[in-house]
Amino acid sequence: MNAFLISWKNLKANRLTLALNLLLIAFGTGMLAMLLLGMNQVGERLRNNARGVDLVAGAKGSPLQLILSSIYFIDFPTGNISEENAHSLAAHPMVKKAVPLALGDNYAGFRIVGTDTGYVSLYGLQLAAGRFWAKPFEIVIGANVAHAQGLKAGDRIYGSHGLTSEEDLHDDHSYVITGVLKKRGNVADNLVLTSLESIWEMHGTDGTREITSMLLQYRSRMAMVTLPATINRSTAMQAASPAKESARLFALIGVGVDAVRWFAVALMLLAGVSVFVSLYNSLRERVYDLAVMRVMGASREVIFTMIILEGTLLTTLGSLVGILLGHGALHAIGYWQGSPQARMDGLTFLPEEGWLFAMGLLIGLVAALLPAIQAYRTDISETMSKI
């Protein structure tokens, strides 16, 4: 305990150096923690939201855009397809299940999605209160929508035209909330679900009905090979695979993530060098103090342990501050994120973050090892003779 207290007092003796080293370690660890947590949440959401969906069919355009708009609801749709084409695709012998989606409106930034009960069963949605919609202009809202807007079953809301703007309000038709969904940890938490008829009547289709896309499940393994090619080649629609496009998205993101990750690692290594230099210089300044401690009865092992403790205390404390800083930064980014579907949560902690502590401990140990060995080998007689 005495060695611990002495090490801590030695660190506090030069507050400017202490603060600089803590900042270097904290920024490096914080960036790594933010990347670890952010990529974990992105990957988990991509898997959860695409689970059960083998293929998405919609208007021709970018396949990635079609996936982002129809499964993750974080992009604009590629266009619409006719109800007739949708019915024809749903009746295809290779299609086990087809869930239609109609987009175009939002409420307070949360997307209003026209669909049928197939969407409910696809994602295993359950009610926390009320009932599912039964007729046009009845809606069921996700748990995050209810929480953010303070809504409950029986309330009425007005949607706005478009996927993000609240300016073009549909004040001629209100929606009545019939139910609130249980929190599922997927995209449905941030959606307003209603019938296809609600979307069509809201926009006055005049008998020409269209939908945005179809979520499909294969009937057999053969469908995986032939159905996408059939849709792309023989219809006015395009087919996009969630698995393929999600992998492509990760590849696009991964380039920037890797660059930031290596920068954070370099920052932590630089912090290790800084800790080494500060401990080495501090040792030179305290050589006589250490000699006096030896005369007073402190063993070589105690001196060695004290120097090691200084390095590991510094980097461990910096790692702790960095992890908290990373979580705080991610939570702040999530709070100000415009899209509810892409919002990050900084209040979640991962077991893998223990490796960041271990990394900080290792850097401190390595940085303090050479000064500690030098202190251990110091000849007490030679040092005292120079006083």
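Residues are numbered from 1 along each chain as its sequence is written, and side-chain values use heavy atoms, with hydrogens and water left out. Because the model is predicted, local features need pLDDT of at least 70 and side-chain atom pairs count only at pLDDT 80 or more, while totals for chains, interfaces and linings use all residues.

**Stop 1: the cores.** Begin by selecting Ile71, Phe73, Tyr119, Leu125, Leu193 and Leu215, which touch the most other members of the largest nonpolar core, a set of 36 residues. A nonpolar core is a set of buried Ala, Val, Leu, Ile, Met, Phe, Trp, Tyr and Cys residues joined through side-chain atoms within 4.5 Å, and buried means under 20% relative accessible area, exposed over 50%, and partly exposed in between (1.4 Å probe, protein chains only). Helix 3 (63-72) is among the elements that each supply at least two residues of this core, and helix 3 gives the most, with six residues. Helices (H or I, at least four residues) and strands (E, at least two) are DSSP runs, numbered from the N terminus. Apart from this core lies another, of 35 residues, including Ile81 and Leu216.

Stop 2: Next select Phe73, which lies in the loop between helix 3 and strand 2 (81-82) and has a positive phi of about 55° although it is not a glycine. Phe73 counts as buried because its relative accessible area is 0%. Then move to Phe137, in the loop between strand 5 (127-130) and strand 6 (138-141), where phi is again positive, at about 70°, in a residue that is not a glycine.

**Stop 3: Thr212.** Now select Thr212, in the loop between strand 11 (210-211) and strand 12 (213-218), which is buried because its relative accessibility is 3%. The side chain of Thr212 reaches the backbone nitrogen of Leu103 at 2.8 Å, a polar contact (a pair of N or O atoms within 3.5 Å; within protein, one must be able to donate a hydrogen and the other to accept it, and residues adjacent in sequence count only if both atoms are side-chain atoms).

**Stop 4: helix 11.** Finish with Leu320 in helix 11, which is partly exposed, with a relative accessible area of 37%.
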